[in-house]
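I set out below what I looked up in this structure, entry by entry. The order runs from the whole chain to single residues.

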Amino acid sequence: MQMGRGRTSRMRRRKVFRSSESRGVNESYKSEFIELKKWLKDRKFEDPNLTPAHFPGTGRGLMSKTSLQVGQMIVSLPESCLLTTDTVIRSYLGTYVTKWKPPPSPLLALCSFLVSEKHAGDQSPWKPYLETLPKTYTCPVCLERKVVNLLPRPLRAKAQEQRAHVQEFFTSSRDFFFSLQPLFSEAVESIFTYSAFLWAWCTVNTRAVYLRHRQLGCFSAEPDTCALAPYLDLLNHSPDVQVKAAFNEQTRCYEIIAASSCRKHEEVFICYGPHDNHRLLLEYGFVSARNPHACVYVSRDVLVKYLPSTDKQMNKKIAILKDHGFIENLTFGWDGPSWRLLTALKLLCLEAGEFTCWKKVLLGEIISDTNEKTSLDITRKICCYFIEESNAMLQKDEEVALVNQLTLVETLWIEELKILQACAAILSNLQTTFT
């Protein structure tokens with residue numbers, strides 16, 4: 001996306017980043033981290049291995065003080081430091097949660113507690129942790145609508161669903177918020193605003209670790225599996241690292257153990273899971289460069305875009321693909337078009353006399369050279385279509401005021417363009433076998 005001279009300046013910054021050192025700048029001297037460490041020490045946690053730092057590319061994270069070896073404990077955070085539904089039940093909100101009918105969800109309890117504690121300001125015992133949390137988030141639910149409209153279509157649809165879900169969640173929870181009025185001197189509607197609720201929802205959604213709790217009767221049947229882990233949640237994601245992370249029932253600590261080594265003064269990462277960039281942006285608000293799990297999704301309308309409209313069996317073919325689960329998750333990846341995408345197109349490209357062989361196609365059998373060549377041609381056309389779309393999106397003029405949000409979206413398009421260019425080269429080589 002072009003934003004006046006904004007894109008040029010961003011490209012210049014990327015060049016500076018590539019030539020600069022990747023070592024982070026220690027931030028342990030900052031007041032919010034000094035207070036956080038005091039707060040953690042009071043709860044029996046001190047960390048000899050890591051320190052807060054700012055890194056080019058990933059921003060705020062944790063840096064190793066010493067070399068970390070495979071099997072070494074990176075972090076062991078005591079249960080007393082975790083913010084869970086147990087924390088909420090033991091707090092001033094506990095009575096209101098346990099009496100509310102129908103039972104609130106664990107997520108609503110956590111979000112309500114976060115909003116209440118943030119409103120409490122200096123009076124909150126959780127203030128040292130709250131001060132280290134982001135003031136704003138970059139999940140699509142937080143982006144301007146005009147920015148969401150610039151996302152790739154499959155992600156745009158999911159982003160719109162996410163926004164509708166959060167808005168409905170907030171609306172359906174307002175009666176519960178009103179029940180909390182005795183706790184506050186101000187009107188609850190001025191405290192539990194949509195923006196405050198959205199911040200709390202994003203905090204839980206982007207930063208919580210998995211921790212299964214016993215199912216309490218005061219909560220709805222939704223799984224109670226989220227815990228906020230102060231300090232530990234400063235660890236950024238990398239798809240290339242391996243760690244073991246879980247709550248240790250014996251030590252009553254949430255532990256992260258290195259499954260790969262890390263040198264002194266390097267950023268220490270964890271892996272949120274084998275997620276593609278659409279999932280990372282939707283759930284966590286960032287895009288991972290050179291993500292091996294990244295892909296470009298092919299929607300149904302694009303799938304049939306270059307197929308002949310005269311094919312009388314097209315509806316039957318689409319129905320077969322749908323019945324056998326071949327209409328979703330069709331992708332281009334770093335290693336070329338996915339087997340699912342190629343298989344779907346091979347079936348769609350079956351000639352009238354070959355249609356009875358559709359089961360063989362789904363089993364991976366080759367039907368004819370003509371079918372192989374035609375499906376590859378269509379695949380290449382779809383790939384080229386996406387390349388043109390990506391280039392067009394990167395040339396759009398947009399408002400400089402939204403530069404941070406637009407840079408995020410631009411990064412996603414750039415990563416997808418790289419994947420598509422790699423696929424185009426692979427498809428070109430494959431096509432030579434039929435010429």
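**Overall model**

I began with confidence: the mean pLDDT of the chain is 92, and 93% of its residues reach 70 or more, pLDDT being the predictor's confidence in each residue, from 0 to 100. I note that this is a predicted model, in which local features need pLDDT of at least 70, side-chain atom pairs count only at pLDDT 80 or more, and totals for chains, interfaces and linings use all residues. Residues are numbered from 1 along each chain as its sequence is written, and side-chain values use heavy atoms, with hydrogens and water left out.

Where pLDDT is low, the predicted coordinates should not be read in detail.

I recorded 18 helices and 13 strands in the chain; these are DSSP runs numbered from the N terminus, helices being H or I of at least four residues and strands E of at least two. The C-alpha trace spans about 75 × 55 × 50 Å along its principal axes. Of the 435 residues, 50% count as buried, where buried means under 20% relative accessible area, exposed over 50% and partly exposed in between (1.4 Å probe, protein chains only). Among contacts between residues at least 6 apart in sequence, 72% join residues at least 24 apart.

**Helix H8**

I took helix H8 (residues 153-172) next: its 20 residues reach 29 Å from first C-alpha to last, close to the 28 Å expected at 1.5 Å a residue. That expected span is 1.5 Å times one less than the number of residues.

Which residues of H8 are buried? I listed Leu155, Ala159, Gln162, Arg163, Val166, Phe169 and Phe170. They lie on the same side of H8 because they cover an arc of only 130 degrees around the axis, taken from the directions from the helix axis to the C-beta atoms. The face turned away from this buried side carries the exposed residues Glu161 and Thr171. I found the buried residues of H8 packed against several helices, including H5 (106-120), H11 (194-207) and H18 (403-431).

**Helix H15**

In helix H15 (residues 339-348), 8 of the 10 residues are buried. Among them are Leu341, Thr343, Ala344 and Lys346. The partners of the buried residues include helix H14 (314-323), strand E12 (331-333) and helix H17 (369-394).

**Cysteines**

I counted 0 disulfides, a disulfide being a pair of cysteine sulfur atoms within 2.5 Å. For cysteine 253 the nearest cysteine sulfur, that of cysteine 81, is 8.3 Å away; cysteine 253 is buried at 11% relative accessible area. The sulfur of cysteine 357 is 15 Å from the closest cysteine sulfur, in cysteine 349, too far for a bond. Cysteine 357 is partly exposed at 21%.

**Histidine 213**

Where does histidine 213 sit? I placed histidine 213 in the loop between strand E5 (209-210) and strand E6 (226-227), buried at 13% relative accessibility. Its side chain reaches the backbone oxygen of leucine 211 at 3.0 Å. Leaving aside neighbours within four places in sequence, histidine 213 is in contact with Thr84, Thr85, Asp86, Asp224 and Cys226.

Definitions and conventions
Contact means heavy atoms within 4.5 Å. A polar contact is a pair of N or O atoms within 3.5 Å; within protein, one must be able to donate a hydrogen and the other to accept it, and residues adjacent in sequence count only if both atoms are side-chain atoms.
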